[in-house]
Amino acid sequence: MNRTSLLLPYFRHNADKCLAAADNAELIQKKLLTQLITKAKNTVWGKHHRFDTIKSYTDFRKMVPVTGYDILRPYVMRMIAGEKNVLWRGKTVRFAQSSGTADGKSKFIPITVDALAGCHFKGAQYSLALYLKQHPDSRIFDGKSFILGGSYANELNLQNTRAKVGDLSATLIDCINPLVNLVRVPSKKVALMADWHQKLPALVKASAFENITNISGVPSWFLKVINEVLAYTGQDNIHKVWKNLEVFFHGGIAFTPYKSEYEAITDTTRMRYWENYNASEGFFAAQADPDDQAMLLMTDIGVFYEFIPTGSPSAEPIPVWEVEAGKKYALIITACNGLWRYPIGDVVKVESLNPVKITIAGRTKSYINAFGEEVMVHNTDAALTAACTECGCAAKDYTVAPVYTHANTKGCHQWLIEFAEKPADLAQFAAILDKALQNENSDYQAKRAGNIFLGPLKVDIARQGLFDDWLESTGKLGGQRKVPRLSNDRTLIEAMLKFNN
């Protein structure tokens, strides 16, 4: 019996609902904003910002400032301590730990009941529905899903509280519909293990002999799992192990730098890839067309979007119905998790309108502009992919930082790359990479012109396992953790270089 075909009408309905909301973004988003304000008007935040007087988006923009996490942290800590009706209605007991604040502390993002059901799970369901709409021949429900998640490990010493704090994926797995557990691996016990050294072999044993039809997770970490499964089973292609594997739902980091490695260990005629834009703060977008890498912005899943044009940090945010195609924006969200006009730290590029489709251009704090070059992650990802293709090599992970100008030397960029397959000629590879980055970023090209202002980039080879060792030293080794790609100073790369020696 083809179980997938029986479920197709339900998912086709959901796909059509998602697409209809995207086609009516202004109407849906204005209605959603009213709902969010109404539901939170009796919270501490709502009373302070006089939500009862807000009647329109214009009122909302006047009454509520753009609010960074430094302002929200005290409110969130009150929620973790058990206080109710603070940033969102009711009591919140689940929080996602996320890195990346200016003071180096972790962020704790509320995972409210409304956000869990109406955003995270609904977004995942929409993504699957969009996939099935494009691939009605799918047999995805005739086997099992392999979902790679994190754990509840956190840096808080929680006492006298019911709060559960950890990776977002841990909460999603912990709260997933029990029926889904019948068609999912690994078990919840294995999925939530905190020690990656114990977890990795447990994941392999739990999945190696199952009928896996789809996998979900971060590309870098799933690649590690797949390679371990291949070693465990003595195979060289994952389709010899999981014969019915058809799709990888991926997100968290760009897939492009890992594409060649996946192609080397899969049957490329049978493998599909479907990108999601999901974060601790919410599920925002998903791929809707296999031939279009841009993702459909989901407008009816409890998130109101605003956008600040890059290069204009003092500019007023604009709503989704005022964005322009081809432009990049810092993303601001207001959501049913109690984040109000909150900059999530991502830069997106609006690829098309009606409906709005986006790609992730990078992080607002993950860039290099030491010399006015404004290099972002999508530039370095694309350049590295091009250089690896031309040189016949493959990169596993990388980070980049500036080398500052001194009296007798020009500044440049330093790349630290862990290769799966090293280039035959490192100097030639570095030259090709430098040219590729110039092709991707006109500001970098201008600074490199004539080799006068900015010197050619240099590449250092990271030993095998370097980035894992560094992540482990920070307490962040695991299925949802990522290596910082770009830094505008040398703090991170200097620490990594010490591990490399």
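View 1. Helices (H or I, at least four residues) and strands (E, at least two) are DSSP runs, numbered from the N terminus. This is a predicted model, in which local features need pLDDT of at least 70 and side-chain atom pairs count only at pLDDT 80 or more, whereas totals for chains, interfaces and linings use all residues. Residues are numbered from 1 along each chain as its sequence is written, and side-chain values use heavy atoms, with hydrogens and water left out. Among the buried residues of α10 are Trp221, Phe222, Leu223 and Ile226; buried means under 20% relative accessible area, exposed over 50%, and partly exposed in between, with a 1.4 Å probe and protein chains only. The expected span of a helix is 1.5 Å times one less than its number of residues, so the 15 residues of α10 (residues 219-233) should span 21 Å, which agrees with the 21 Å between its end C-alpha atoms. Just after α10, Gly234 takes a positive phi of about 75 degrees.

View 2. Twelve strands form an open sheet of mixed pairing, in the order β5-β3-β6-β7-β8-β9-β10-β15-β14-β13-β11-β12, and two strands pair if DSSP finds at least two bridges between them. Its edge strands are β5 (184-185) and β12 (318-319), each of which pairs on one side only. Strands β3 and β6 pair in the parallel sense over four bridges, and Asn214 in β6 is the bridge partner of Ser145. Helix α6 lies across β7, β8 (272-279), β9 (282-289), β10 (292-297) and β11 (303-309), running at about 0 degrees to β9; axes are lines fitted to C-alpha atoms, for helices over the stretch in contact, and angles run from 0 to 180 degrees between N-to-C directions.

**View 3. The largest nonpolar core.** A nonpolar core is a set of buried Ala, Val, Leu, Ile, Met, Phe, Trp, Tyr and Cys residues joined through side-chain atoms within 4.5 Å. The largest has 81 residues, and those touching the most other members include Leu87, Tyr277, Phe284 and Trp340. Helix α6 (residues 113-134) gives the most to this core, with nine residues. Apart from it lies another core, of 42 residues, among them Ala202, Ala208, Ala462 and Ile493.

View 4. An open sheet with mixed pairing has the strand order β18-β19-β20, and its edge strands are β18 (394-403) and β20 (458-461). Nine bridges join β18 to β19 (residues 412-421), and these two strands run antiparallel, with Val403 opposite Cys412 in β19. Helix α12 (residues 377-391) lies across β18 and β19 at about 130 degrees to β18, whereas α16 (residues 491-500) lies across β18, β19 and β20 at about 45 degrees to β19.

View 5. For Cys18, the nearest cysteine sulfur, that of Cys119, is 12 Å away, and Cys18 counts as buried at 1% relative accessibility. The sulfur of Cys393 is 3.9 Å from that of Cys388, its closest cysteine sulfur, which is too far for a bond; Cys393 is buried as well, with a relative accessible area of 6%.

Technical notes
Disulfide = S-S within 2.5 Å. Contact = heavy atoms within 4.5 Å.
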